[in-house]
Amino acid sequence: MLVKIYTDGSARGNPDGPGGYGCVLQYTDSLGELHEREFSAGYKKTTNNRMELMAAIVGLEALIRPCQVELYSDSKYLTDAFNQRWINGWIKKGWKRGKNEPVKNVDLWKRLLAAMKPHQVTFHWVKGHDGHPENERCDHLATSAADGGNLLDDVILP
């Protein structure tokens, strides 16, 4: 089954203030009907990059069986890590970017890799804040999460 995951994170302009991340999961069931699940979560005291990673992780962890996944994000940090094979290099270098420069968010990168394992995942960069409908949908979720700290944990997918 093909699942499209649209993600976004928002630090609300202040890395030390409230923020949030959101996901939209879109899939077609065995009867050919299109379904869409939206969820978001407030996440405080973090940076925008961490929230983009969390949005991708939560989307992938919501899937209960192996799927073909297309993951869309406006974070070049997230999409470039896979599209330019940075992850393989980081693992080989012991999670270092250069000789002595550690990779940030290693715990989340490892969690994302674990969440990806059963799936075939491709990453797509969607330029943010340009009116792209997929990006705008996720922007709305992330803003709602940042403003309200809305925690929705009951995502169940086929």
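## Strand pairing

Two strands count as paired if DSSP finds at least two bridges between them. Helices (H or I, at least four residues) and strands (E, at least two) are DSSP runs, numbered from the N terminus. The model is predicted: local features need pLDDT of at least 70, side-chain atom pairs count only at pLDDT 80 or more, and totals for chains, interfaces and linings use all residues. Residues are numbered from 1 along each chain as its sequence is written, and side-chain values use heavy atoms, with hydrogens and water left out.

Strand E1 (residues 2-10) runs parallel to E4, with 5 bridges between them. Val 3 has Val 69 of E4 as its bridge partner, and Tyr 6 has Tyr 72 of E4. E1 also pairs with strand E2 (residues 20-28), here in the antiparallel sense over 8 bridges; Ile 5 is bridged to Leu 25 in E2. E4 in turn pairs with strand E5 (residues 120-125) in the parallel sense, over 6 bridges. In that pairing, Gln 68 has Gln 120 of E5 as its bridge partner.

## Burial of E1 and E4

A residue is called buried at under 20% relative accessible area, exposed at over 50%, and partly exposed in between (1.4 Å probe, protein chains only). In E1, 7 of the 9 residues are buried. In E4 (residues 68-73), 5 of the 6 residues are buried.

## Ser 73 in strand E4

Ser 73 lies in strand E4. Is Ser 73 buried or exposed? Ser 73 has a relative accessible area of 1%, so it is buried.

Its side chain makes a polar contact of 3.3 Å with the side chain of Glu 52. A polar contact is a pair of N or O atoms within 3.5 Å; within protein, one must be able to donate a hydrogen and the other to accept it, and residues adjacent in sequence count only if both atoms are side-chain atoms. The side chain of Ser 73 also reaches the backbone nitrogen of Ser 75, at 2.9 Å. Leaving aside neighbours within four places in sequence, the residues in contact with Ser 73 (heavy atoms within 4.5 Å) include Thr 7, Leu 78, His 124 and Trp 125.

## Helix H2

H2 is largely enclosed by the rest of the structure, because 6 of its 8 residues are buried. The buried residues are Tyr 77, Leu 78, Thr 79, Asp 80, Ala 81 and Phe 82. They pack against helix H1 (48-61), E4, H3, helix H4 (106-116) and E5. Just after H2, Arg 85 takes a positive phi of about 60 degrees.

## The largest pocket

A pocket is found on a 1 Å grid over the protein atoms alone, as an open set of points where a 1.4 Å probe fits, with protein on both sides within 12 Å along at least five of seven lines; lining residues have an atom within 4 Å of a point. The largest pocket holds about 160 Å³ of space.

Which elements each supply at least two residues of its lining? They are helix H2 (76-83), helix H3 (86-92) and E5. H2 gives the largest share, 3 residues. Arg 85 is among the lining residues, as are Ala 81, Phe 82, Leu 113 and Thr 122.

Note on methods:
Points joined across faces, edges and corners; volume = space filled by probe spheres on them.
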